Amino acid sequence: MSSEWGKTLLWTGMHILLLLSLVTPLGFVTTHFLLIPLLVAFVVSDVRKFAIVYAAMIGLLMLVLGGAGLLLALFSLFYLVPAALMGRQYRKGASPGVAVISGILGVIGAALLALVVFYAAGFNIADGFKAYLRSDAGTLELMTQILGSEEELDLTIKLMVDMIPMMIITFAVYTTLLAHWLGRKILTRGGIEVGRLKPMKEWRLPRSLVFLYLIVLILELFVSVEPGSTLSVILINASPLLTYAFAFQAAGFLFFLADLRGWNRALPIASIVLMPVPGLAQLFAWLGVLDVSFPIRERIAEKRPQD
């Protein structure tokens, strides 16, 4: 029992240390790992012990730091939601896919709740971002020089606000996958078995997404959309999300091909690294569309004995 309390204290304490590091230059790096110790702490102890330790440490944080501690506590609560959802699935022995999806939905739900709270409090995100930029004269001048004018800066900020749904989903997927990958290694070494996700070569997107992607592309190419309209916001979020989803599908196909042929994995790894290069994600996406739409893998596997 004492060991369980100790592990809970250790990992919850590590989460608190990562929270404190956010106010230092290290925060740019440590923010990526905030979910992991909280997830491990939730899994290595029962709910009662975790709740007691977590509440005590968060209370101590607020008591010592006051207002700053309250902000850090709210930030921690954001990560508590996916940690609890993923940890619960691990305990139940659910498949890793179910656990990861639970975590993704938890992050999205927490982010949406935060947006609702901001809106209810009368906080305008676009105005807040502009105020932040204007508070730093150097940053404001640099952004104005890059974009050409303050009007362009306002349009760019509005575009960024419209793309918040895409940012939330991307952040949720990235954060949850990273937490599962590292959290699984930590838990497995501690004697708690957690399944691994399917290898990338076996990933397959639903075929229905192909039709959705084609509809989005047709609307972008042939329909005049008023900037700022609901349809415009849907398209500027759906298009990059689907493009990168199919680009990763293409990377999965390349991993499949490399494994089947016994090739070096440099090509599929390079395809992932090069995705941010303008134009390449769209190119890879079309390969991903073909992979999902047609039985290319099966045909290649059938021909292999003849090679």
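The exercises below, each with a worked solution, concern a predicted model of one protein.

Residues are numbered from 1 along each chain as its sequence is written, and side-chain values use heavy atoms, with hydrogens and water left out. Local features need pLDDT of at least 70 and side-chain atom pairs count only at pLDDT 80 or more, while totals for chains, interfaces and linings use all residues.

**Exercise 1. Overall description**

State how many helices and strands the protein has, what box its C-alpha atoms fill and what share of its residues is buried.

Solution. 
- Step 1. The protein has 15 helices and zero strands; helices (H or I, at least four residues) and strands (E, at least two) are DSSP runs, numbered from the N terminus.
- Step 2. Along the principal axes, the C-alpha atoms fill a box of roughly 65 × 55 × 30 Å.
- Step 3. Of the 307 residues, 36% count as buried. Buried means under 20% relative accessible area, exposed over 50% and partly exposed in between, with a 1.4 Å probe and protein chains only.
- Step 4. Contact means heavy atoms within 4.5 Å. Among contacts between residues at least 6 apart in sequence, 72% join residues at least 24 apart.

**Exercise 2. The nonpolar cores**

Find the size of the largest nonpolar core and the residues with the most contacts inside it.

Solution. 
- Step 1. A nonpolar core is a set of buried Ala, Val, Leu, Ile, Met, Phe, Trp, Tyr and Cys residues joined through side-chain atoms within 4.5 Å.
- Step 2. The largest such core has 39 residues, and L39, Y90 and L187 have the most contacts inside it.
- Step 3. Two or more residues each come from α1 (2-21), α3 (35-44), α4 (47-65), α5 (67-92), α6 (96-120) and α10 (164-189). The most come from α3, which gives nine residues.
- Step 4. With neighbours within four places in sequence left aside, L39 is in contact with A83, M86, G87, Y90 and A179.
- Step 5. A second, separate core has 11 residues, including V210, Y213, L217 and F246.

**Exercise 3. The packing of α6 and α10**

Determine the angle between α6 and α10, the distance between their axes and the hand of the crossing.

Solution. 
- Step 1. Axes are lines fitted to C-alpha atoms, for helices over the stretch in contact, and angles run from 0 to 180 degrees between N-to-C directions. On this basis α6 and α10 pack at about 140°, with axes 9 Å apart.
- Step 2. That makes α6 oblique to α10, since angles under 35 degrees count as roughly parallel, over 145 as roughly antiparallel, 65 to 115 as roughly perpendicular and the rest as oblique.
- Step 3. The crossing is right-handed; a crossing is left-handed if the near helix is turned anticlockwise from the far one by less than a right angle, and right-handed if clockwise.
- Step 4. On the α6 side the residues are P96, V100, G103, I104, V107, I108, A111 and L115; on the α10 side they are I164, I168, I169, F171, A172, V173, T176, L177 and H180.
- Step 5. By class there are 14 nonpolar, three polar and no charged residues. Ala, Val, Leu, Ile, Met, Phe, Trp, Tyr, Cys and Pro count as nonpolar, Asp, Glu, Lys and Arg as charged, and the others, Gly among them, as polar.

**Exercise 4. The packing of α12 and α14**

Solution. 
- Step 1. Among the residues of the contact are F246, Q249 and F253 of α12 and F284, G288 and D291 of α14. The classes are 12 nonpolar, four polar and one charged.
- Step 2. Not counting residues up to four places away in sequence, Q249 touches W203, R204, L205, G288, D291, V292 and R297.
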